[in-house]
Amino acid sequence: MADKRSTLDEAISRLSSGMTIGIGGWGSRRKPMAIVRALLHSGLSDLTIVSYGGPDVGLLANAGIATKVIAGFVTLDSIALDPLWRQVRQRGGIDLTEVDEGLFYLGLQAAAWRVPFLPARAGLGSDVLERNPLLKTVANPYLDGPFADPADVGAQLLAMPALRLDAAFVHANAADTAGNATFTGPDPYFDELFLGAADLRVVTAETVVAEGALSAVGPLAKATVHRLLTDLIIETPNGAHFTSCAPNYDRDEAFQKAYVTAASDAATWAEFTSRFLSGTEADYQRAVATFQEESKS
Amino acid sequence: MSPTRAEVCIAAIAEVWRDAGEIMASPFGTIPMVASRLAKRTFSPDLVLTDGEAAIIVGAPPITTKPQDLVREASVPYKTIFSIVWSGRRHIVMQASQIDQFGNQNLSAIGPHHQPKVQLIGVRGAPGNSVNHKTSYWVPDHSTRTFVQAVDTVCGVGYDRAKKAGVGATRFHELPRVVSNLGVFDFSGPDHEMALVSVHPGVSVDDVTRATGFALHIGDVVETPPPTDEQLAIISEIDPKGAREREIKS
């Protein structure tokens, strides 16, 4: 049995500039932040980021690593707007393709199922379609016969194109050495589809257990990432910090607030970057531990 | 004691879910959230409410209820939510940073899309919501900056744009109500233009038209019915700390 355990460095070394990268999670929830932090030091450029956007998008766009973003929103949940993202957008520094969050789901599903598009009503009449010449509509082909719905004869539907990814990164509550993973929190989001849509499939996890041991971590029905969907498994404890990773930990609201405060000004952002984002993942986790100690006192 | 403006808005928003039956009520903002729970506790007991995360909750508990004290009855992760959206069994009350006379809504960006003057949260699910199920809007700061001639980015689809996109967009498109801090509106004007239905107590028709950046259709305008004493008692039970008063300037 192949052992899929790997490292952040190994995963980053498989990437190249110009790639399209999917990042799992949703807003400021269960984001593979250890990978995002590693990407900040990767020297890669010109990436397209595909994400239900949270701090991953603001960080990578602000650092100039991502030059293109495909998203339906960027939010920190408990704080509606990410100041880094806001600044990047307001200086005109990013190519944004905005899609309805349901269309985004269909785009990943289409890629995972290897079909060129999936149809939807979502997007029709909105600027998602009107301002994006790359998106196209398709005519309902069922005009008569038993499958024709008279109310939809003549309907044009939005043909959401497959969002194919060169690589996808998701963060799980636990994974095993063979490449299975489980989301024991309330929502698996669309992580399984990110993996299904990608060529290189990487799962970071709070903990990595032996093959067959995931059923001891939580109900097996929650282990929805099976090893046909993964290439590399990386143990990154606290790896989603400062986003939430329930039930392991909630969002670090104090830290997120510090991030937002620092990001609103160039000088304080430089300070924040030097304290938290200039070293390795281990350095980051040590700096966070110190931050948490200081907040307690 | 006479009801506050926030309480009038809550009662007005609750009305969008009257006789809604067994559908998901999705409120965005404190006042819509209190309104959805008021509707469930009174005239629409079958409404389906969520914990804002990934589950349906039992009853309509106070909004101060701690997550661990909510009773959950079914799991509805985002994937399931989209199935509900596309099935039509939902009536959402979204907010609008801008809304125009045909009900086009913007929550993406103010100014040019390639370089906005103000970047907002993004289109979110507004394009899909508005063409798949009932979509109403809550605007807590009615002014010529929010009620505009033309929105900068069309997220939620209005009647004119839906019509232009054809039957694929119009089949399930319906915008029942807009509630602002000044009044209640629908789209009963000519060609589905926005019409003033009622003004909140203490607000004149002039106040509303002056704060609106397009010509409103003005028909028979009444005063927004204030909440009853029974409704007021339920509102304070649902929102014991008065969070509703912080969402608008009374």
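At what angle do helix H3 (residues 55–62) of chain A and helix H4 (residues 83–90) of chain A pack, and how many Å apart are their axes? I looked this up as my opening entry.

**Entry 1: the model and its numbering**

I note that this is a predicted model, in which local features need pLDDT of at least 70 and side-chain atom pairs count only at pLDDT 80 or more, while totals for chains, interfaces and linings use all residues. Residues are numbered from 1 along each chain as its sequence is written, and chains are lettered from A and ligands numbered from 1 in the order in which they are written.

**Entry 2: H3 and H4 of chain A**

I found that H3(A) and H4(A) pack at an angle of about 45°, with their axes 8 Å apart. Helices here are DSSP runs of H or I with at least four residues, strands are runs of E with at least two, and both are numbered from the N terminus. Axes are lines fitted to C-alpha atoms, for helices over the stretch in contact, and angles run from 0 to 180 degrees between N-to-C directions. H3(A) and H4(A) are therefore oblique to each other (under 35 degrees counts as roughly parallel, over 145 as roughly antiparallel, 65 to 115 as roughly perpendicular, and the rest as oblique). Their crossing is left-handed, a term for the near helix being turned anticlockwise from the far one by less than a right angle, whereas clockwise is right-handed.

I then listed the residues that meet: Val57(A), Gly58(A), Leu59(A), Ala61(A) and Asn62(A) from H3(A), and Leu84(A), Trp85(A), Gln87(A) and Val88(A) from H4(A). Contact requires C-beta atoms, placed from the backbone, to lie within 7 Å. By class, this contact has 6 nonpolar, 3 polar and no charged residues (Ala, Val, Leu, Ile, Met, Phe, Trp, Tyr, Cys and Pro count as nonpolar, Asp, Glu, Lys and Arg as charged, and the others, Gly among them, as polar).

**Entry 3: burial in H4 of chain A**

How many of the residues of H4(A) are buried? I counted 6 of its 8: Pro83(A), Leu84(A), Trp85(A), Arg86(A), Val88(A) and Arg89(A). A residue is buried if 20 or more other C-beta atoms, placed from the backbone, lie within 10 Å of its own, exposed if 12 or fewer, and partly exposed in between. The buried residues of H4(A) pack against H3 and helix H8 (253–263) of chain A, together with strand E8 (118–119) of chain B.

Leaving aside neighbours within four places in sequence, Arg86(A) is in contact with Leu81(A) and Gln119(B). Arg86(A) and Asn62(A) are 24 residues apart in sequence and 9.5 Å apart in space, C-alpha to C-alpha. Just after H4(A), Gly92(A) takes a positive phi of about 70°.

**Entry 4: H2 of chain A**

I found helix H2 (residues 33–40) of chain A mostly covered, with 7 of its 8 residues buried. Its buried residues pack against helix H1 (8–13), H3, strand E8 (165–172), strand E11 (198–205) and helix H10 (281–296) of chain A.

**Entry 5: the sides in contact**

The contact takes 40 residues from chain A and 36 residues from chain B. Helix H3 (78–87), helix H4 (126–132), helix H5 (159–165) and helix H6 (167–170) of chain B each supply at least two residues of the chain B side. I recorded 18 nonpolar, 12 polar and 6 charged residues on that side.

In what order do the 7 strands of the open sheet of chain B stand? I read E1-E4-E9-E10-E11-E12-E13, with mixed pairing; two strands pair if DSSP finds at least two bridges between them. Strand E1 (24–27) and strand E13 (217–223) of chain B stand at the edges with a single partner strand each, so one side of each is left without a neighbour in the sheet. Neighbouring strands are turned by 15° against each other on average, direction ignored. E1(B) pairs with strand E4 (residues 90–95) of chain B in the parallel sense over 4 bridges, and Ser26(B) stands opposite Ile92(B) in E4(B). Helix H2 (residues 30–41) of chain B packs on the sheet, touching E1, E4 and strand E9 (134–139) of chain B.

The axes of helix H1 (residues 5–14) of chain B and H2(B) come within 8 Å and cross at roughly 55°. I noted that this crossing is right-handed. By class, the contact of H1(B) with H2(B) has 11 nonpolar, no polar and no charged residues.

Methods:
Two residues are in contact if their C-beta atoms, placed from the backbone, lie within 7 Å.
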